[in-house]
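Thanks for coming. I will walk through one structure, starting with a loop and ending with the overall counts.

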Amino acid sequence: MMNFFNYFMDKSGEISTLLLQHIWLTLLAVVIAALVGIPLGILITKYKKASTFVLGFANVIQAVPSLAILGFLIPLMGIGSKPAIVMVFLYSLLPIIKNTYTGLVNINQDMLEAARAMGMTKSQILAKVQIPLALPIIMAGVRIAAVTAVGLMTIAAFIGAGGLGYLVYTGIQNTNDFMVIAGALPACILALLMDYLIGMIEQSVVPKGIKISSHGAKKESVKKIRFKNSIAVILAILVVSTSVISSNRYKNATADNTKTRSGSISIGSKNYTEQLILGNILSILIKQDTNLNVEENFNLGGTGVVFDALNTGDVDLYAEYTGTALISVMKRETITDPDEAYNVVKDYYDTEYGINWFAPLGFNNTYTLAIRQDTADEYNLETYSDLAGVSDKLTMGCTLEFTDRDDGLLGLEKAYNMDFKAVKPIDGGLRYTAMESKSSDIMDAFSTDGLLLKYKLKVLEDDKNFFPPYYPCPVIRNDTLKKYPELQGVLEKLDGLISNEEMMQMNYNVDELHMDHKEVATKFLESKGLLD
(Lines give C-alpha, C1' and ligand atoms only; values in the text may rest on other atoms or scores of the structure.)
Protein backbone atom coordinates (compact mmCIF):
# COMPACT_ATOMS: atom_id res chain seq x y z
CA MET A 1 0.00 0.00 0.00
CA MET A 2 2.82 2.39 0.89
CA ASN A 3 4.55 1.67 -2.43
CA PHE A 4 1.36 2.56 -4.29
CA PHE A 5 0.95 5.72 -2.22
CA ASN A 6 4.51 6.76 -3.08
CA TYR A 7 3.89 6.02 -6.75
CA PHE A 8 0.63 7.99 -6.65
CA MET A 9 2.34 10.98 -5.08
CA ASP A 10 5.23 10.86 -7.57
CA LYS A 11 2.77 10.80 -10.47
CA SER A 12 0.21 13.17 -8.92
CA GLY A 13 0.78 15.86 -11.54
CA GLU A 14 0.23 13.46 -14.46
CA ILE A 15 -2.75 11.79 -12.75
CA SER A 16 -4.35 15.17 -12.02
CA THR A 17 -3.95 16.27 -15.63
CA LEU A 18 -5.46 13.04 -16.95
CA LEU A 19 -8.29 13.16 -14.39
CA LEU A 20 -9.21 16.68 -15.41
CA GLN A 21 -9.15 15.65 -19.08
CA HIS A 22 -11.38 12.67 -18.25
CA ILE A 23 -13.89 14.82 -16.37
CA TRP A 24 -14.06 17.40 -19.15
CA LEU A 25 -14.44 14.86 -21.96
CA THR A 26 -17.07 12.86 -20.08
CA LEU A 27 -19.16 15.85 -19.03
CA LEU A 28 -19.08 17.32 -22.52
CA ALA A 29 -20.24 14.06 -24.12
CA VAL A 30 -23.03 13.50 -21.58
CA VAL A 31 -24.28 17.10 -21.70
CA ILE A 32 -24.47 16.98 -25.51
CA ALA A 33 -26.24 13.60 -25.30
CA ALA A 34 -28.79 15.04 -22.84
CA LEU A 35 -29.36 18.12 -24.98
CA VAL A 36 -30.04 15.89 -27.99
CA GLY A 37 -31.57 12.82 -26.32
CA ILE A 38 -34.20 14.46 -24.12
CA PRO A 39 -35.79 16.55 -26.91
CA LEU A 40 -35.60 13.52 -29.20
CA GLY A 41 -37.34 11.37 -26.57
CA ILE A 42 -40.07 14.01 -26.26
CA LEU A 43 -40.41 14.27 -30.04
CA ILE A 44 -40.98 10.55 -30.62
CA THR A 45 -43.85 10.56 -28.12
CA LYS A 46 -45.60 12.94 -30.52
CA TYR A 47 -44.68 10.96 -33.63
CA LYS A 48 -45.08 7.33 -32.60
CA LYS A 49 -44.03 5.95 -35.99
CA ALA A 50 -40.62 7.58 -35.58
CA SER A 51 -40.09 5.94 -32.19
CA THR A 52 -39.34 2.53 -33.72
CA PHE A 53 -36.65 3.98 -35.98
CA VAL A 54 -35.05 6.25 -33.36
CA LEU A 55 -34.95 3.65 -30.58
CA GLY A 56 -33.83 1.01 -33.07
CA PHE A 57 -30.96 3.21 -34.21
CA ALA A 58 -29.90 3.88 -30.61
CA ASN A 59 -30.00 0.14 -29.86
CA VAL A 60 -27.87 -0.67 -32.90
CA ILE A 61 -25.28 1.94 -31.89
CA GLN A 62 -25.18 0.41 -28.41
CA ALA A 63 -24.45 -3.00 -29.94
CA VAL A 64 -21.53 -1.82 -32.08
CA PRO A 65 -18.13 -2.23 -30.31
CA SER A 66 -16.74 1.12 -29.19
CA LEU A 67 -13.41 0.53 -30.94
CA ALA A 68 -15.27 -0.12 -34.19
CA ILE A 69 -17.05 3.23 -33.86
CA LEU A 70 -13.71 4.93 -33.29
CA GLY A 71 -12.39 3.15 -36.37
CA PHE A 72 -15.18 4.68 -38.46
CA LEU A 73 -14.77 8.15 -36.93
CA ILE A 74 -10.98 8.54 -37.21
CA PRO A 75 -10.91 8.87 -41.04
CA LEU A 76 -13.67 11.49 -40.78
CA MET A 77 -12.54 13.45 -37.72
CA GLY A 78 -8.87 12.58 -37.21
CA ILE A 79 -7.45 11.70 -33.81
CA GLY A 80 -7.86 13.41 -30.46
CA SER A 81 -10.87 14.38 -28.39
CA LYS A 82 -13.46 14.88 -31.15
CA PRO A 83 -14.00 11.22 -32.14
CA ALA A 84 -13.85 10.17 -28.47
CA ILE A 85 -16.58 12.65 -27.52
CA VAL A 86 -18.75 11.61 -30.47
CA MET A 87 -18.32 7.92 -29.60
CA VAL A 88 -19.37 8.41 -25.96
CA PHE A 89 -22.18 10.74 -27.07
CA LEU A 90 -23.59 8.02 -29.33
CA TYR A 91 -23.41 5.42 -26.56
CA SER A 92 -25.10 7.80 -24.10
CA LEU A 93 -28.12 8.40 -26.31
CA LEU A 94 -29.96 5.12 -25.70
CA PRO A 95 -30.62 5.38 -21.93
CA ILE A 96 -31.51 9.07 -22.20
CA ILE A 97 -33.88 8.71 -25.18
CA LYS A 98 -35.44 5.50 -23.89
CA ASN A 99 -36.02 6.77 -20.35
CA THR A 100 -37.45 10.06 -21.62
CA TYR A 101 -39.81 8.21 -23.95
CA THR A 102 -40.78 5.63 -21.31
CA GLY A 103 -41.35 8.25 -18.62
CA LEU A 104 -43.65 10.28 -20.85
CA VAL A 105 -45.74 7.51 -22.41
CA ASN A 106 -46.46 5.84 -19.05
CA ILE A 107 -48.04 8.89 -17.42
CA ASN A 108 -51.55 8.22 -16.18
CA GLN A 109 -53.91 9.33 -18.95
CA ASP A 110 -56.49 10.57 -16.42
CA MET A 111 -54.03 13.24 -15.28
CA LEU A 112 -53.52 14.42 -18.85
CA GLU A 113 -57.25 14.45 -19.43
CA ALA A 114 -57.72 16.56 -16.31
CA ALA A 115 -55.08 19.02 -17.54
CA ARG A 116 -56.88 19.35 -20.87
CA ALA A 117 -60.18 19.86 -19.09
CA MET A 118 -58.61 22.78 -17.21
CA GLY A 119 -57.92 24.44 -20.56
CA MET A 120 -54.15 23.88 -20.65
CA THR A 121 -52.49 23.93 -24.08
CA LYS A 122 -50.31 21.07 -25.34
CA SER A 123 -47.12 22.97 -24.58
CA GLN A 124 -48.37 23.81 -21.08
CA ILE A 125 -49.28 20.18 -20.43
CA LEU A 126 -45.82 19.11 -21.59
CA ALA A 127 -43.97 21.69 -19.49
CA LYS A 128 -46.11 21.67 -16.35
CA VAL A 129 -47.43 18.11 -16.18
CA GLN A 130 -45.67 15.55 -18.38
CA ILE A 131 -42.02 16.56 -17.92
CA PRO A 132 -42.28 17.05 -14.13
CA LEU A 133 -43.98 13.66 -13.75
CA ALA A 134 -41.43 11.92 -16.02
CA LEU A 135 -38.41 13.75 -14.59
CA PRO A 136 -37.35 11.01 -12.11
CA ILE A 137 -37.18 8.48 -14.94
CA ILE A 138 -35.47 10.93 -17.30
CA MET A 139 -32.83 11.76 -14.68
CA ALA A 140 -32.30 8.05 -14.08
CA GLY A 141 -31.42 7.72 -17.77
CA VAL A 142 -28.96 10.60 -17.51
CA ARG A 143 -27.38 8.92 -14.46
CA ILE A 144 -26.95 5.65 -16.33
CA ALA A 145 -25.43 7.48 -19.30
CA ALA A 146 -23.03 9.46 -17.10
CA VAL A 147 -21.72 6.47 -15.16
CA THR A 148 -21.30 4.44 -18.36
CA ALA A 149 -19.57 7.37 -20.04
CA VAL A 150 -16.85 7.49 -17.37
CA GLY A 151 -15.85 3.93 -18.22
CA LEU A 152 -16.20 4.34 -21.98
CA MET A 153 -14.05 7.46 -22.01
CA THR A 154 -11.02 5.40 -20.96
CA ILE A 155 -10.90 4.25 -24.59
CA ALA A 156 -10.11 7.84 -25.59
CA ALA A 157 -6.47 7.13 -24.76
CA PHE A 158 -6.23 4.88 -27.83
CA ILE A 159 -6.55 7.90 -30.13
CA GLY A 160 -4.58 10.52 -28.24
CA ALA A 161 -7.50 12.20 -26.44
CA GLY A 162 -5.96 11.69 -23.00
CA GLY A 163 -7.91 10.77 -19.90
CA LEU A 164 -7.36 8.10 -17.28
CA GLY A 165 -7.38 5.34 -19.89
CA TYR A 166 -3.81 6.32 -20.75
CA LEU A 167 -2.63 5.07 -17.35
CA VAL A 168 -4.76 1.92 -17.50
CA TYR A 169 -3.69 0.88 -20.99
CA THR A 170 -0.03 1.82 -20.57
CA GLY A 171 0.02 -0.03 -17.24
CA ILE A 172 -1.34 -3.16 -18.90
CA GLN A 173 1.23 -2.86 -21.68
CA ASN A 174 4.04 -2.53 -19.14
CA THR A 175 2.54 -5.00 -16.61
CA ASN A 176 2.72 -2.14 -14.10
CA ASP A 177 -0.03 -2.78 -11.53
CA PHE A 178 0.51 0.58 -9.83
CA MET A 179 -0.12 2.43 -13.09
CA VAL A 180 -3.28 0.42 -13.80
CA ILE A 181 -4.63 1.15 -10.31
CA ALA A 182 -3.65 4.83 -10.59
CA GLY A 183 -5.88 5.07 -13.65
CA ALA A 184 -8.69 2.69 -12.64
CA LEU A 185 -9.19 3.92 -9.06
CA PRO A 186 -9.85 7.59 -9.92
CA ALA A 187 -12.15 6.42 -12.74
CA CYS A 188 -14.18 4.31 -10.29
CA ILE A 189 -14.38 7.17 -7.79
CA LEU A 190 -15.37 9.56 -10.56
CA ALA A 191 -18.17 7.22 -11.68
CA LEU A 192 -19.52 7.03 -8.13
CA LEU A 193 -19.31 10.79 -7.70
CA MET A 194 -21.10 11.34 -11.01
CA ASP A 195 -23.89 9.00 -9.95
CA TYR A 196 -24.19 10.64 -6.53
CA LEU A 197 -24.05 14.17 -7.87
CA ILE A 198 -26.67 13.59 -10.57
CA GLY A 199 -28.82 11.82 -7.98
CA MET A 200 -28.67 14.90 -5.79
CA ILE A 201 -29.46 17.13 -8.77
CA GLU A 202 -32.44 14.87 -9.47
CA GLN A 203 -33.70 15.34 -5.91
CA SER A 204 -33.34 19.11 -6.21
CA VAL A 205 -35.14 19.53 -9.56
CA VAL A 206 -37.96 17.01 -9.24
CA PRO A 207 -41.08 18.65 -7.73
CA LYS A 208 -41.52 17.66 -4.08
CA GLY A 209 -44.98 16.31 -4.57
CA ILE A 210 -43.81 13.56 -6.91
CA LYS A 211 -40.37 12.73 -5.52
CA ILE A 212 -39.66 9.07 -5.27
CA SER A 213 -39.11 7.89 -1.67
CA SER A 214 -39.64 11.33 -0.14
CA HIS A 215 -40.24 10.99 3.59
CA GLY A 216 -40.47 14.39 5.15
CA ALA A 217 -38.57 17.58 5.67
CA LYS A 218 -35.86 16.01 7.77
CA LYS A 219 -34.83 13.66 4.98
CA GLU A 220 -34.95 16.48 2.48
CA SER A 221 -32.65 18.51 4.71
CA VAL A 222 -30.18 15.63 4.84
CA LYS A 223 -30.28 15.32 1.07
CA LYS A 224 -29.58 19.02 0.66
CA ILE A 225 -26.56 18.67 2.92
CA ARG A 226 -25.37 15.67 0.92
CA PHE A 227 -25.82 17.64 -2.29
CA LYS A 228 -23.73 20.50 -0.95
CA ASN A 229 -21.08 18.05 0.28
CA SER A 230 -20.91 16.35 -3.11
CA ILE A 231 -20.46 19.73 -4.78
CA ALA A 232 -17.68 20.51 -2.31
CA VAL A 233 -15.94 17.21 -3.10
CA ILE A 234 -16.10 17.83 -6.84
CA LEU A 235 -14.84 21.39 -6.46
CA ALA A 236 -12.03 20.21 -4.17
CA ILE A 237 -10.90 17.67 -6.76
CA LEU A 238 -10.99 20.28 -9.51
CA VAL A 239 -9.16 22.87 -7.42
CA VAL A 240 -6.40 20.45 -6.40
CA SER A 241 -6.08 19.13 -9.95
CA THR A 242 -5.96 22.61 -11.41
CA SER A 243 -3.38 23.71 -8.85
CA VAL A 244 -1.09 20.80 -9.66
CA ILE A 245 -1.54 21.28 -13.39
CA SER A 246 -0.88 25.01 -13.14
CA SER A 247 2.27 24.33 -11.13
CA ASN A 248 3.53 21.83 -13.68
CA ARG A 249 2.71 24.11 -16.60
CA TYR A 250 4.53 26.96 -14.88
CA LYS A 251 7.63 24.80 -14.47
CA ASN A 252 7.44 23.69 -18.10
CA ALA A 253 6.88 27.24 -19.27
CA THR A 254 9.86 28.43 -17.25
CA ALA A 255 12.04 25.80 -18.87
CA ASP A 256 10.74 26.45 -22.39
CA ASN A 257 10.88 30.23 -22.22
CA THR A 258 14.66 30.23 -22.27
CA LYS A 259 14.18 30.43 -26.04
CA THR A 260 11.49 32.01 -28.16
CA ARG A 261 9.28 29.31 -29.68
CA SER A 262 8.02 29.69 -33.23
CA GLY A 263 6.05 27.18 -35.26
CA SER A 264 4.62 23.87 -34.12
CA ILE A 265 5.15 20.20 -34.86
CA SER A 266 3.12 17.17 -33.75
CA ILE A 267 4.99 13.97 -32.88
CA GLY A 268 3.09 10.67 -32.67
CA SER A 269 3.73 7.17 -31.41
CA LYS A 270 2.00 3.81 -31.26
CA ASN A 271 0.76 2.34 -28.01
CA TYR A 272 3.64 0.31 -26.62
CA THR A 273 6.80 0.95 -24.64
CA GLU A 274 9.36 1.14 -27.43
CA GLN A 275 7.28 3.56 -29.47
CA LEU A 276 6.72 5.80 -26.46
CA ILE A 277 10.47 5.88 -25.80
CA LEU A 278 11.24 6.70 -29.43
CA GLY A 279 8.55 9.37 -29.46
CA ASN A 280 10.15 10.98 -26.42
CA ILE A 281 13.63 10.79 -27.98
CA LEU A 282 12.35 12.66 -31.03
CA SER A 283 10.47 15.18 -28.89
CA ILE A 284 13.31 15.93 -26.47
CA LEU A 285 15.89 16.40 -29.20
CA ILE A 286 13.67 18.64 -31.32
CA LYS A 287 12.73 20.77 -28.31
CA GLN A 288 16.40 21.31 -27.50
CA ASP A 289 17.77 21.88 -30.99
CA THR A 290 14.97 23.96 -32.53
CA ASN A 291 12.62 26.80 -31.62
CA LEU A 292 9.54 24.70 -32.42
CA ASN A 293 6.67 23.99 -30.08
CA VAL A 294 6.25 20.21 -29.86
CA GLU A 295 2.84 18.60 -29.42
CA GLU A 296 3.10 15.00 -28.20
CA ASN A 297 0.35 12.74 -29.57
CA PHE A 298 1.63 9.52 -28.04
CA ASN A 299 -0.07 6.17 -27.42
CA LEU A 300 -2.27 6.40 -30.52
CA GLY A 301 -2.98 2.71 -31.00
CA GLY A 302 -1.77 0.48 -33.83
CA THR A 303 -0.14 1.18 -37.17
CA GLY A 304 -3.39 2.08 -38.93
CA VAL A 305 -4.27 4.84 -36.47
CA VAL A 306 -0.89 6.57 -36.37
CA PHE A 307 -0.30 6.25 -40.12
CA ASP A 308 -3.71 7.75 -40.88
CA ALA A 309 -2.87 10.59 -38.48
CA LEU A 310 0.40 11.21 -40.33
CA ASN A 311 -1.23 10.99 -43.74
CA THR A 312 -3.98 13.48 -42.81
CA GLY A 313 -1.63 15.92 -41.08
CA ASP A 314 -2.83 15.36 -37.50
CA VAL A 315 0.70 14.11 -36.84
CA ASP A 316 3.86 15.41 -38.56
CA LEU A 317 6.44 12.88 -37.45
CA TYR A 318 6.82 9.48 -35.79
CA ALA A 319 9.08 6.42 -35.89
CA GLU A 320 7.94 3.65 -38.26
CA TYR A 321 9.44 0.25 -39.04
CA THR A 322 10.45 -0.78 -42.54
CA GLY A 323 8.77 -4.18 -42.32
CA THR A 324 5.53 -2.71 -41.00
CA ALA A 325 5.38 -0.17 -43.82
CA LEU A 326 6.17 -2.82 -46.42
CA ILE A 327 3.60 -5.38 -45.27
CA SER A 328 0.85 -3.52 -43.43
CA VAL A 329 0.70 -0.27 -45.40
CA MET A 330 2.02 -1.15 -48.85
CA LYS A 331 0.64 -4.73 -48.83
CA ARG A 332 3.85 -6.02 -50.42
CA GLU A 333 5.56 -9.39 -50.16
CA THR A 334 8.34 -9.83 -47.63
CA ILE A 335 11.77 -8.43 -48.58
CA THR A 336 14.50 -9.97 -46.47
CA ASP A 337 17.31 -7.62 -47.52
CA PRO A 338 17.28 -4.62 -45.11
CA ASP A 339 18.66 -2.07 -47.61
CA GLU A 340 16.26 -3.12 -50.35
CA ALA A 341 13.30 -3.00 -47.98
CA TYR A 342 14.28 0.50 -46.82
CA ASN A 343 14.70 1.84 -50.36
CA VAL A 344 11.38 0.36 -51.49
CA VAL A 345 9.34 1.91 -48.65
CA LYS A 346 11.22 5.24 -48.87
CA ASP A 347 10.44 5.64 -52.58
CA TYR A 348 6.83 4.50 -52.18
CA TYR A 349 6.00 6.80 -49.28
CA ASP A 350 7.58 9.78 -51.02
CA THR A 351 5.68 9.17 -54.25
CA GLU A 352 2.32 8.08 -52.87
CA TYR A 353 1.99 10.07 -49.66
CA GLY A 354 4.53 12.89 -49.69
CA ILE A 355 6.29 11.40 -46.65
CA ASN A 356 10.05 11.28 -46.17
CA TRP A 357 11.95 8.43 -44.50
CA PHE A 358 15.15 9.29 -42.66
CA ALA A 359 17.91 6.73 -42.19
CA PRO A 360 17.28 3.83 -39.75
CA LEU A 361 17.86 4.43 -36.05
CA GLY A 362 20.11 1.37 -35.87
CA PHE A 363 18.35 -1.58 -34.26
CA ASN A 364 16.18 -4.23 -35.89
CA ASN A 365 13.02 -4.87 -33.88
CA THR A 366 11.73 -7.75 -35.92
CA TYR A 367 9.04 -10.15 -34.80
CA THR A 368 10.08 -13.29 -33.01
CA LEU A 369 8.47 -16.18 -31.16
CA ALA A 370 9.14 -16.74 -27.47
CA ILE A 371 8.39 -19.71 -25.19
CA ARG A 372 8.97 -20.65 -21.58
CA GLN A 373 12.18 -22.53 -20.92
CA ASP A 374 10.28 -25.54 -19.54
CA THR A 375 8.34 -25.84 -22.82
CA ALA A 376 11.55 -25.59 -24.83
CA ASP A 377 13.13 -28.33 -22.72
CA GLU A 378 10.06 -30.60 -22.91
CA TYR A 379 9.89 -30.54 -26.71
CA ASN A 380 13.56 -29.78 -27.45
CA LEU A 381 12.75 -26.55 -29.31
CA GLU A 382 15.40 -24.29 -30.85
CA THR A 383 13.93 -23.14 -34.18
CA TYR A 384 10.59 -22.33 -35.76
CA SER A 385 10.83 -25.58 -37.73
CA ASP A 386 11.14 -27.49 -34.45
CA LEU A 387 8.06 -25.68 -33.21
CA ALA A 388 6.05 -26.53 -36.33
CA GLY A 389 6.36 -30.25 -35.52
CA VAL A 390 4.63 -29.86 -32.14
CA SER A 391 2.47 -26.78 -32.78
CA ASP A 392 -0.73 -28.83 -32.57
CA LYS A 393 0.05 -29.45 -28.87
CA LEU A 394 0.60 -25.79 -27.97
CA THR A 395 -1.54 -22.69 -27.48
CA MET A 396 -0.51 -19.43 -29.12
CA GLY A 397 -1.20 -16.24 -27.15
CA CYS A 398 -0.47 -13.32 -29.47
CA THR A 399 -1.44 -9.68 -29.94
CA LEU A 400 -4.59 -8.79 -31.83
CA GLU A 401 -2.60 -7.15 -34.61
CA PHE A 402 -0.30 -10.18 -35.05
CA THR A 403 -3.20 -12.57 -35.70
CA ASP A 404 -4.35 -10.73 -38.81
CA ARG A 405 -1.08 -9.78 -40.52
CA ASP A 406 0.54 -11.46 -43.50
CA ASP A 407 3.88 -10.82 -41.83
CA GLY A 408 2.40 -12.24 -38.62
CA LEU A 409 0.47 -15.38 -37.80
CA LEU A 410 -1.23 -15.76 -41.21
CA GLY A 411 2.02 -15.92 -43.14
CA LEU A 412 3.92 -17.74 -40.39
CA GLU A 413 1.50 -20.67 -40.37
CA LYS A 414 1.84 -21.02 -44.14
CA ALA A 415 5.62 -20.67 -44.26
CA TYR A 416 6.28 -23.24 -41.53
CA ASN A 417 3.10 -25.34 -41.87
CA MET A 418 2.12 -24.61 -38.27
CA ASP A 419 -1.27 -25.55 -36.84
CA PHE A 420 -1.60 -24.49 -33.20
CA LYS A 421 -3.97 -26.26 -30.82
CA ALA A 422 -5.56 -22.89 -30.08
CA VAL A 423 -4.91 -19.23 -30.85
CA LYS A 424 -5.84 -16.70 -28.16
CA PRO A 425 -5.57 -13.06 -29.29
CA ILE A 426 -4.75 -10.93 -26.26
CA ASP A 427 -3.54 -7.45 -25.33
CA GLY A 428 0.20 -6.86 -25.72
CA GLY A 429 1.13 -6.64 -22.02
CA LEU A 430 -1.24 -9.40 -20.94
CA ARG A 431 0.33 -12.01 -23.20
CA TYR A 432 3.35 -12.12 -20.87
CA THR A 433 1.06 -12.67 -17.90
CA ALA A 434 -0.68 -15.45 -19.85
CA MET A 435 2.67 -17.12 -20.47
CA GLU A 436 3.61 -16.92 -16.80
CA SER A 437 0.28 -18.44 -15.73
CA LYS A 438 0.61 -21.11 -18.46
CA SER A 439 -2.63 -20.01 -20.11
CA SER A 440 -0.60 -19.97 -23.33
CA ASP A 441 2.58 -21.76 -24.37
CA ILE A 442 4.02 -19.51 -27.05
CA MET A 443 3.72 -15.83 -27.93
CA ASP A 444 4.78 -13.30 -30.47
CA ALA A 445 7.31 -10.74 -29.31
CA PHE A 446 9.60 -8.07 -30.66
CA SER A 447 13.30 -8.84 -30.54
CA THR A 448 13.96 -5.79 -28.34
CA ASP A 449 11.16 -6.40 -25.82
CA GLY A 450 12.40 -5.65 -22.32
CA LEU A 451 9.89 -8.08 -20.83
CA LEU A 452 11.74 -10.97 -22.49
CA LEU A 453 14.45 -10.33 -19.89
CA LYS A 454 11.99 -10.01 -17.04
CA TYR A 455 10.14 -13.26 -17.73
CA LYS A 456 13.25 -15.17 -18.84
CA LEU A 457 11.63 -16.39 -22.06
CA LYS A 458 13.49 -18.28 -24.74
CA VAL A 459 13.55 -16.76 -28.23
CA LEU A 460 13.39 -19.29 -31.07
CA GLU A 461 15.42 -19.00 -34.28
CA ASP A 462 13.62 -17.97 -37.48
CA ASP A 463 15.52 -20.57 -39.54
CA LYS A 464 13.67 -19.74 -42.79
CA ASN A 465 14.07 -15.95 -42.33
CA PHE A 466 10.30 -15.48 -42.56
CA PHE A 467 10.04 -12.19 -40.70
CA PRO A 468 11.17 -9.17 -42.70
CA PRO A 469 13.60 -6.60 -41.26
CA TYR A 470 11.97 -4.05 -38.95
CA TYR A 471 14.36 -1.13 -38.78
CA PRO A 472 12.70 1.94 -37.24
CA CYS A 473 13.17 5.27 -39.00
CA PRO A 474 11.86 8.78 -38.37
CA VAL A 475 9.15 9.42 -40.97
CA ILE A 476 7.99 12.99 -41.56
CA ARG A 477 5.63 14.77 -43.90
CA ASN A 478 7.47 16.49 -46.75
CA ASP A 479 5.49 19.70 -46.27
CA THR A 480 6.56 19.79 -42.61
CA LEU A 481 10.21 19.26 -43.52
CA LYS A 482 9.97 21.98 -46.17
CA LYS A 483 8.40 24.35 -43.66
CA TYR A 484 10.97 23.60 -40.95
CA PRO A 485 14.21 22.61 -42.74
CA GLU A 486 16.12 22.76 -39.44
CA LEU A 487 14.59 19.36 -38.63
CA GLN A 488 16.83 17.75 -41.24
CA GLY A 489 19.99 18.17 -39.20
CA VAL A 490 18.31 17.29 -35.93
CA LEU A 491 16.91 13.98 -37.16
CA GLU A 492 20.15 13.04 -38.90
CA LYS A 493 21.82 12.97 -35.47
CA LEU A 494 19.85 9.80 -34.77
CA ASP A 495 21.21 7.82 -37.76
CA GLY A 496 22.29 4.37 -36.53
CA LEU A 497 22.40 5.63 -32.94
CA ILE A 498 20.58 2.81 -31.10
CA SER A 499 21.72 -0.81 -30.94
CA ASN A 500 19.46 -3.80 -30.27
CA GLU A 501 20.97 -4.21 -26.80
CA GLU A 502 20.47 -0.53 -25.95
CA MET A 503 16.85 -0.58 -27.07
CA MET A 504 16.11 -3.77 -25.14
CA GLN A 505 17.67 -2.25 -22.01
CA MET A 506 15.60 0.94 -22.39
CA ASN A 507 12.44 -1.14 -22.77
CA TYR A 508 13.44 -3.15 -19.70
CA ASN A 509 13.98 0.03 -17.69
CA VAL A 510 10.42 1.07 -18.39
CA ASP A 511 8.66 -2.30 -18.26
CA GLU A 512 10.45 -3.83 -15.28
CA LEU A 513 12.10 -0.97 -13.38
CA HIS A 514 9.04 1.26 -13.97
CA MET A 515 11.08 4.24 -15.05
CA ASP A 516 9.27 6.98 -16.96
CA HIS A 517 9.50 6.90 -20.76
CA LYS A 518 10.75 10.47 -20.88
CA GLU A 519 13.36 9.81 -18.19
CA VAL A 520 14.69 6.79 -20.07
CA ALA A 521 14.83 8.75 -23.33
CA THR A 522 16.61 11.66 -21.64
CA LYS A 523 19.24 9.43 -20.02
CA PHE A 524 19.93 7.72 -23.35
CA LEU A 525 20.41 11.01 -25.21
CA GLU A 526 22.67 12.22 -22.41
CA SER A 527 24.76 9.06 -22.68
CA LYS A 528 25.27 9.82 -26.38
CA GLY A 529 26.27 13.42 -25.67
CA LEU A 530 23.29 14.87 -27.54
CA LEU A 531 21.87 16.96 -24.70
CA ASP A 532 23.35 20.13 -23.32
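**Two loop residues, then the rest**

Please find Lys438, which sits in the loop between α19 (430-436) and β8 (442-446). Keep in mind that what you are looking at is a predicted model. Lys438 is not a glycine, yet it has a positive phi of about 65 degrees. Is Lys438 buried or exposed? Its relative accessibility is 53%, so Lys438 counts as exposed.

Asn465 is another residue to look at for its backbone. Its phi is also positive, about 50 degrees, and Asn465 is not a glycine either. You will find Asn465 in the loop between β9 and β10. With a relative accessible area of 54%, Asn465 is exposed.

Stay in that part of the chain for Pro468. The loop between β9 (458-459) and β10 (472-477) holds Pro468 as well. Here the relative accessible area is 1%, so Pro468 is buried. Which residues does Pro468 touch, not counting those up to four places away in sequence? They are Gly323, Ile327, Thr334, Ile335, Thr366 and Asp407. Pro338 is 130 residues from Pro468 in sequence, while their C-alpha atoms are 8.0 Å apart in space.

Next, a residue in a strand. Ser266 belongs to strand β1, residues 264-268. Ser266 has a relative accessible area of 5%, and the cut-off for buried is under 20%, so Ser266 is buried. Leaving aside neighbours within four places in sequence, Ser266 is in contact with Glu295 and Asn297, and also with Asp314, Val315, Asp316 and Leu317. Take Asp316 from that list: Ser266 and Asp316 are 50 residues apart in sequence, and 5.2 Å apart from C-alpha to C-alpha.

Now a residue in a helix. Thr26 is in helix α2, which covers residues 12-46. Thr26 is buried, at 1% relative accessible area. Its contacts, again leaving aside neighbours within four places in sequence, are Ala146, Ala149, Val150, Met153 and Met194.

On to a pair of helices. Two packed helices are described by the angle between their axes and the distance between the axes. The pair I picked is α11, residues 273-289, and α23, residues 500-511. Their axes come within 10 Å and cross at roughly 105 degrees. Angles of 65 to 115 degrees count as roughly perpendicular, so α11 is roughly perpendicular to α23. On the α11 side the contact is made by Thr273, Glu274, Ile277 and Leu278, and on the α23 side by Met503, Met506, Asn507, Val510 and Asp511. Sorted by class, this contact of α11 with α23 has five nonpolar, two polar and two charged residues.

How many cavities of 30 Å³ or more does the structure hold? There are three. The largest cavity has about 90 Å³ of space. Its lining consists of Lys270, Tyr272, Thr303, Tyr321, Thr324, Asn365, Tyr367, Glu401, Arg405, Phe446 and Tyr470. Those lining residues divide into five nonpolar, three polar and three charged.

Last, the chain as a whole. The secondary structure comes to 24 helices and ten strands. The chain has 532 residues, and 51% of them count as buried; Thr26, Ser266 and Pro468 are among the buried ones. Taking contacts between residues at least 6 apart in sequence, 78% join residues at least 24 apart.

How values were computed:
Residues numbered from 1 in each chain as written. Predicted model: local features only at pLDDT ≥ 70, side-chain atom pairs only at ≥ 80, totals over all residues. Heavy atoms only, no water. Axes fitted to C-alpha atoms, helices over the stretch in contact; angles between N-to-C directions. Helix = DSSP H or I, 4+ residues; strand = E, 2+ residues; numbered from the N terminus. Parallel < 35°, antiparallel > 145°, perpendicular 65-115°, else oblique. Contact = heavy atoms within 4.5 Å. Nonpolar A, V, L, I, M, F, W, Y, C, P; charged D, E, K, R; others polar. 1 Å grid on protein atoms, 1.4 Å probe; cavity = no way out; pocket = protein on both sides within 12 Å on 5 of 7 lines; lining within 4 Å. Points joined across faces, edges and corners; volume = space filled by probe spheres on them. Buried < 20%, exposed > 50% of the residue type's maximum accessible area, 1.4 Å probe, protein only.
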